[in-house]
Structure formats: structure tokens, C-alpha cells
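Trainee: I'd like a close look at one part of this model, the inside of the protein. Please take it slowly and spell out the terms as you go.

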Amino acid sequence: MLKKWMNVAAAAVLLSTVALAGCSSGEEASPGGTPAGNGSAGAKELGPIALYSPETPDMTKEIGLNFEKAYKGSSINVQYAGTNVLVNRMIAEKDNPQGDVWYGGGGFLPFEAAKDKDIITSYTPEAIKDWPEVRDGIKLRDKDWKWIGAEVFVLGFAYNSDLVKPEEAPKTWDDLLDPKWKGKIQMPNPAASGTATLTVLSQLMARGEEQGWDYFKKLVEQMSAMPDSGSAPSKAVAKGEAHIAIAFDFMAYEMKAKGEKIDFIVPDKTPVIVNPVSLVKDGPNPDGGKALIDYLLSKEGQQTLANWYHIPISKEVESKTPLTLENVIPHAQELDVDWVVNNYDRVRSEWRQKFQ
């Protein structure tokens, strides 16, 4: 396993050289050999497919509805919960798995930590079988194909544009400790949220554990709330219930597009990370699960992600977010994957002991 890597260094080069393979004339190949979205993909009816996801419920519902149109005889049952809640559920269900696909988790770190828990299994989609594990600095997939990147997330600060002027908004993680933000910040609960777990892990890596825990002791005192949902702090900012939220980029831009008074800051150094999809081990409908993963990586599936202000992994699809890979590359923080795998559960446990 690579000891260290840069999350998105030179990712623009990656996206110019690694494209989702598809049919000629821009059509995406489906498992049944026909383009996704034509209503007749594959002769076999796929039946019910259980999708476990912490991502935006309306977006995952839309993915499910679009898939059902493309694959007649299929039905998607989306099970929504925080990342760590879903992981614990899959662990509890190991002897009788109920999920087929796990999509999203605040980046790939929870997926790396889950590999040793034996809840996800390898799957190599035919359309992207030539993808390398790492290309030009970005870890694109698991070395054994136990997870595959579907998009790129940027961790940063959402702020209420009525309550905070852009020039006054925090630009670094240390800026969050300014006394002027006391009682005006929200972040998700790391015991439940993958977004917040990534926040804690990345700061401990950047500062070292002693200084990192001291940082969070001060940061928690700045908080007005720490809800379990990764998206709840951004919603609180949009409502004016908080000034600042620790969040992913798409959370803010999605609400801004709807007219909410919210915007986003990319900190000086921060995680810029692939968000994956994975096949649940021994799930009840493996064929359906594989077809859903293929669809999520297809041009049509990637367009759905882009429409929700996610940065797609496919160069054939243009994101609606004002952020580009080129302009976030200089902000990408270096992460140590081995350290994450070895310390993921311990760090979450220490968080609960210290702050709950």
C-alpha cells in the first residue's frame, strides 16, 4: 500500500487521460450490452436493489429513478443514514447482508477502513477495467477494486453570505478558532458522519495527535451544535442558524443554486478526495448491484452527480460547480492512507471519550 500520496495533485492530467470507456457515438455501455437509459438494457430483469448511502436523499432518489427507467424490472430501495451508522449496520448484517451497493461516505477513507471488516467485495466494471490505482497523484480506486471513485469532494467552509462578508470568512482551519466565531459554527458529529471523521483525521495528520486534539478541544468550544448528519450544518447556515459550517463543497453550491444565502471557501490546505462506490459482500442481488455501479460510472450517472454540484470523475461530463480540479489542486492536503486504516476506529472512539 502506498504510504503517502497527494489526493488530487495534477488531477487535471488524470482526467484528460483517464476517461470512462463507452460505446461509439458517446453511448455508455451497460451490462446488457445496450446504452444505459434506453429502457431496455439487458434481457434479465434485475429486481430489487438496496442502495446504502449517506449522500443527499433527493439525489440518491433521482439516481434510483433514472436507473429504474434504464433497467425495466428493477427497483432501487435507498437506505439513507450517516456513513458510520451505515458501516455499523453492514457489520451487524454480515451474516445476512441486506444491502447491495454502498455509495458515498465523505470520501474514500471509510471505505479503506471497511475493507478489513469484510463488508465490501471486489468488482471491476468492464468499462473502466484499465483504470490504474493511482494516476498523477490521485488515488482513483482500491488496489483490489473493493471501491471505485465516482466523484471528487473538497472539504471546506460553508458560510451565510448575508451574515458573513467574503473577505471576513475564514480562510484557514486556524481561522475557525477566532473568538468572533464562538457559538456561530457547526460541524457534523464525527461519531456518525464521514464528513466530520475526515475532518478529525486530516487535522490529526496535519498537526500531530497532541496538537490536533488540542485544536479540536478549542474548536468544539466554538460550536453551536454538532448534528449527526453531514449536511445538517450547511442547512443551518442557509437558514441563518449558524454563520459557518464545516462541509463539502457541493453541499453549499447545491443550496446556493436554489437561492439560499450560502457560499463556500476552500481552505489553504484541506482534503480533496475521491468519493467512492462499492459492492456489498454477499448482498442479496449482486447482479443488480454491479449494474447500479456501472450506471453510476456511466455518462448518464455522472451527469446526475454533476447536476447536483458534485465534481464528476468523467472528463465527458462538465460539473456545474464553480470549482475546478485545476483551481483546487494547490489546496490538496497530503494524507497517509496506512495511518487512516490503522487509526480510524481508535480516533472515533477517542472523539467519543473526549467530547460526548
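Mentor: Let's start with how the chain folds back on itself. Among the contacts in the protein with a separation of 6 or more, 78% join residues 24 or more positions apart; contact here means heavy atoms within 4.5 Å. Keep in mind that this is a predicted model, where local features need pLDDT of at least 70, side-chain atom pairs count only at pLDDT 80 or more, and totals for chains, interfaces and linings use all residues. Residues are numbered from 1 along each chain as its sequence is written, and side-chain values use heavy atoms, with hydrogens and water left out.

The protein has twelve helices and 15 strands. These are DSSP runs numbered from the N terminus, with helices being H or I of at least four residues and strands being E of at least two. Of its 356 residues, 56% are buried, a word that stands for under 20% relative accessible area with a 1.4 Å probe and protein chains only.

Now for the core. The largest nonpolar core has 103 residues, and Phe67, Tyr103 and Leu176 touch the most other members. Strand E8 (residues 148-160) gives the most to this core, with nine residues. A nonpolar core is a set of buried Ala, Val, Leu, Ile, Met, Phe, Trp, Tyr and Cys residues joined through side-chain atoms within 4.5 Å. Leaving aside residues up to four places away in sequence, Phe67 touches Leu46, Ile49, Ser74, Ile76, Gly288, Ala291, Leu292 and Tyr295.

Two of those names will come up again.

Points are joined across faces, edges and corners, and the volume is the space filled by probe spheres set on them. The structure holds two cavities of 30 Å³ or more.

The largest cavity has about 170 Å³ of space. Its lining has 20 residues, with Pro54, Thr195, Gly230, Ser231 and Met251 nearest the centre. Helix H5 (194-207) and helix H8 (249-257) each supply at least two of the lining residues. This time the classes are seven nonpolar, eleven polar and two charged.

Pro125 sits 170 residues from Tyr295 in sequence, yet their C-alpha atoms are 10.0 Å apart in space. Pro125 is in the loop between strand E5 (120-121) and strand E6 (134-135), and is buried at 2% relative accessible area. Beyond residues up to four places away in sequence, Pro125 touches Trp145, Ile148, Ile293, Asp294 and Leu297.

Most residues other than glycine have a negative phi. Trp145 is not a glycine, but has a positive phi of about 65°. Tyr309 also has a positive phi, near 70°. Tyr309 is in the loop between helix H10 (299-307) and E14 and is buried at 17%.

Finish with Tyr215, in helix H6 (residues 209-222). Tyr215 counts as buried, at 3% relative accessibility. Not counting residues up to four places away in sequence, Tyr215 touches Trp173, Asp174, Leu176, Leu177, Gln203 and Arg207. So you meet Leu176 again, one of the core members touching the most others. Tyr215 and Trp173 are 42 residues apart in sequence and 9.6 Å apart in space, C-alpha to C-alpha.

Definitions and conventions. On a 1 Å grid over the protein atoms alone, a cavity is a set of points where a 1.4 Å probe fits but cannot get out, and a pocket is an open set with protein on both sides within 12 Å along at least five of seven lines; lining residues have an atom within 4 Å of a point. Ala, Val, Leu, Ile, Met, Phe, Trp, Tyr, Cys and Pro count as nonpolar, Asp, Glu, Lys and Arg as charged, and the others, Gly among them, as polar. Buried means under 20% relative accessible area, exposed over 50%, partly exposed in between (1.4 Å probe, protein chains only).
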